[in-house]
Amino acid sequence: MARNREKLILLLDVSPSMHSVLPDVEKLCTLLVGKKLIYGNADEVGVVLFGTEDTKNDLTKEVGGYEHVMVFQDSKVVDEHLLNSLKHLPRGTFPGDFLDAIVVGVDMLIKQYRETYKGRKRICLITDALCPIKDSDVGTKEDQVNTIARQIVSFGLKMENIVVRSNLSGEVNKQIADENDHILNLFSKKSSTKTLYVDSPISLRGALKTRNISPVTIFRGDLELSPKMKIKIWVYKKTAEEKFPTLRKYSDKAPSNDKFATHEVKVDYEYKNIEDPSKVVPPEQRIKGYRYGPQVVPISSAEWEIAKFKPEKGVKLLGFTDATNILRHYYMKDGQQTVVVGVLTPNVSEYDNIPDSFYFNVLPFAEDIREFQFPSFNNFPMLWQPNEKQQEAADILVKMLDLAPSGKPETLLPEFTPNPVLECFYRHLELKSNHPDAAVPPLDETLKKITEPDPALLAENNSVIDALHRQFELKENPKLKKSTRRLQQEKPCGSGEGYVDADVADAQVVNSIESKSSVVKVEEIGDLTPVQDFEAMMSRRDSPDWVSKAMKNMKNKIFDLVENSYEGDNYPKAVELLVALRKGCILEQEPKEFDDFLCYLCKFCREKNLSNFCEFLESKELSLISKSEAIDSDVTDNEVGSIHFRTELKLKE
């Protein structure tokens, strides 16, 4: 659609004072055009340079003046030629007059598109604004700004000003800089113009939004303050995660001389009957199934619709509270919940033409809260506790690494810091489009400053780092080689005789897991060595899903052993797997997973007249995870005390 297209004019200052940052300007502009090739290949971009030795623009021919302003690229649809031309911008030799460049850019958009074009029209100025602006032949500079601003508003143009400027040194004329800042501020007041000041290559890369996404309301309706008082509101998303572009499958089976080949890959799925594999099940005869324990429960879409909670769409005010009662870490990521509870924070606008608003953040429900209350150092032996000097050295190190130290500007501001992963991806994608066999390029120096420690900061604080090293003596921790099988045969914590220290037992399991996982990556729990397979899956860190998958597979394995047991022949094996599951849930801070499953298993056994299994568990003194074990393992989700299994089970029921 034409409304989603954009006509953009880049006004780039290439005067001598900008030469040091032009490499970063080139990278920023090429990334901008590269993203447009992916997301907006119908967008048009033009480039105007000022501060150049040459002069090339229509206004110079028509009315004279506007010297050292060159139209480097007429506005046209983005292509590879434009991308390559932005990689090597010429270096200018004259002072840059950004006001002349703005007039040339506005003139280009008005002449080419006028009022008939319904898409977005935008101008982006990148300069340090340190060069003097020539006086106007008619009126003052303020009058000239007012005239330009009226044209910008009249033709529906948007303008962004990015001022690249670090701390002003003695060589810079502060009077000129202040006058230029005043002129830029006038544009912000008189038109839809946003001015940003950046002081580093990092903030420059994050200042220009390379993807221009139009705001869309997610709700239009009433804010109900009371049953008798409502206010009409519009709700927009303030922030959203920028994800990787969807990469489609590409087929090289088409003939090379076929100019109309799409090279698309289409995937079709067929569902076949288990009893008759040759028979394909049509869509109207399919139904979704959801696993409940070892069984699969079919639930139709009609049943889902009946069970869904369908509230009235709207926003209601529940009450007021002091801002200190809502801490920042309470905020949750917005999801697709039917009903959410949140907090409205006032956002008072700094501009007269922008109304005040509220920021809405989602708050957790009770079941969403997981408090990890880590044990105090006071619970450890005195030998393990830090002394005053060690504590002081650690505190100084933390203050040194603070991104927002008192009295100084914050480093790596979120709104001015680009995503290094996405930046690397787009760079590599552009490189692969020209050289399919190209390797991954090295990390850009600017991005290194985001992902790696600042060498200058570390060099300035070598004394702090050395002081920390002197306060701590590092010793090698010898690995314990006690076998996992022997560990499982011993009684669990709190069982009295045969007690094994929790820290030692955990270390044994971890060492066993590490030694096995280094050999092979297990993806399923088999029948021969289920305990070893479970430990290997729990230790995998290539995806966060392996822990939950290992627990789920182990529960199914235990359930099958109990359900298919003949006169209790599988009970010892089931208990062995339960011991391994119990230990894994403690290590992974998921005691509730084990406790709920054990209670469900015993309830199932009583309903199926398998109560002898519960008696077998009692004889083995296999209990729920106690509160003391949870605290020792940095887990507090389970608040069940360490008492006898049968009493625990009654409490849970």
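Is Asp352 buried or exposed? In this predicted model, in which local features need pLDDT of at least 70 and side-chain atom pairs count only at pLDDT 80 or more, whereas totals for chains, interfaces and linings use all residues, Asp352 is exposed, with a relative accessible area of 86%; buried denotes under 20% relative accessible area, exposed over 50%, and partly exposed the range in between, for a 1.4 Å probe and protein chains only. Residues are numbered from 1 along each chain as its sequence is written, and side-chain values use heavy atoms, with hydrogens and water left out. Asp352 is placed in the loop that lies between β12 (341-347) and β13 (357-363), helices (H or I, at least four residues) and strands (E, at least two) being DSSP runs numbered from the N terminus. Although 163 residues separate Asp352 from Lys189 in sequence, their C-alpha atoms are 8.1 Å apart in space.

When residues up to four places away in sequence are not counted, Leu581 is in contact (heavy atoms within 4.5 Å) with Phe534, Met551, Met554, Lys555, Ile558, Phe594 and Phe597.

The axes of α16 and α17, taken as lines fitted to C-alpha atoms over the stretch in contact, with angles from 0 to 180 degrees between N-to-C directions, come within 8 Å and cross at roughly 160°. This angle makes α16 roughly antiparallel to α17, the term applying to angles over 145 degrees. Residues of α16 that meet α17 include Phe534 and Met537, and their counterparts in α17 include Trp546, Met551 and Met554.

Among the strands, which pair if DSSP finds at least two bridges between them, an open sheet of 3 strands has the order β8-β7-β11 and mixed pairing. Its edge strands, each pairing on one side only, are β8 (229-236) and β11 (315-316). The pairing of β7 (residues 217-226) with β11 is parallel over 2 bridges, and Leu223 has Val315 in β11 as its bridge partner. By antiparallel pairing, β9 (residues 288-292) and β10 (residues 295-299) are joined through 5 bridges, with Pro298 in β10 as the bridge partner of Gly289. These two strands form a hairpin with 2 residues between them, and Gly293 in the turn has a positive phi of about 70°.

Terms used: Angles under 35 degrees count as roughly parallel, over 145 as roughly antiparallel, 65 to 115 as roughly perpendicular and the rest as oblique.
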